[in-house]
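Colleague: I'd like to learn how to read a model like this one. Could you walk me through it, feature by feature?

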Amino acid sequence: MSSSSYASRLKEYPNKGKCGLPERFDSKRALKLKLEKLHQLVIDSKKIVVLTGAGISTAAGVPDFRGPNGVWTLELKRSRGNASK
């Protein structure tokens, strides 16, 4: 099933979140500190579970939901266009 038509198959439900929020990036220094901390946590751990959010997948090319071309953003634009007809 293609993700390109995903928005057209979504049902109405409350609390989708805000559409079109800008992506945030850490400074190089902040990223380095976080990676060093993560590295130490991994070394000190016996087991690891990683839970990721949409930000991880968008960098890999998976469509997002709230970005300018996100599924929910496009759905919102389409529904606003249909509301005027």
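Modeller: Start with pLDDT, which is the predictor's confidence in each residue, from 0 to 100. This is a predicted model, so local features need pLDDT of at least 70 and side-chain atom pairs count only at pLDDT 80 or more, while totals for chains, interfaces and linings use all residues. Residues are numbered from 1 along each chain as its sequence is written, and side-chain values use heavy atoms, with hydrogens and water left out.

Colleague: Where in the chain is confidence lowest, and where is it highest?

Modeller: Helices here are DSSP runs of H or I with at least four residues, strands are runs of E with at least two, and numbering goes from the N terminus. Helix α2 (residues 54–59) has the lowest confidence, with a mean of 64, and α1 the highest, at 96. For the chain, the mean pLDDT is 76, and 58% of the residues reach 70 or more. Where pLDDT is low, the predicted coordinates should not be read in detail.

Colleague: What is the secondary structure of the chain?

Modeller: Three helices and zero strands, in the pattern α-α-α along the sequence.

Colleague: How many salt bridges are there?

Modeller: The rule wants a side-chain nitrogen of Lys or Arg within 4 Å of a carboxyl oxygen of Asp or Glu. That gives two. One links E36 and K32, with the closest N and O atoms 2.8 Å apart. These two sit four residues apart in helix α1 (residues 28–44), so about one helical turn separates them. The other pairs D26 with K34, at 2.9 Å from N to O.

Colleague: How exposed are D26 and K34?

Modeller: Relative accessible area (1.4 Å probe, protein chains only) under 20% is buried, over 50% is exposed, and in between is partly exposed. D26 is partly exposed at 44%, and so is K34 at 47%. In the other pair, E36 is partly exposed at 41%, whereas K32 is exposed at 52%. Across the 85 residues of the chain, 11% count as buried.

Colleague: Which residues form the nonpolar patch on the surface?

Modeller: Patch members have over 30% relative accessible area and no salt bridge; like charges are joined within 9 Å, and nonpolar side chains (Val, Leu, Ile, Met, Phe, Trp, Tyr) within 5 Å. Here the patch is L31, L35, L38, V42, I48 and V50, together about 550 Å² of accessible area, computed by the Shrake-Rupley method with a 1.4 Å probe, where only the protein chains shown count as cover for residues. I48 lies in the loop between α1 and α2.
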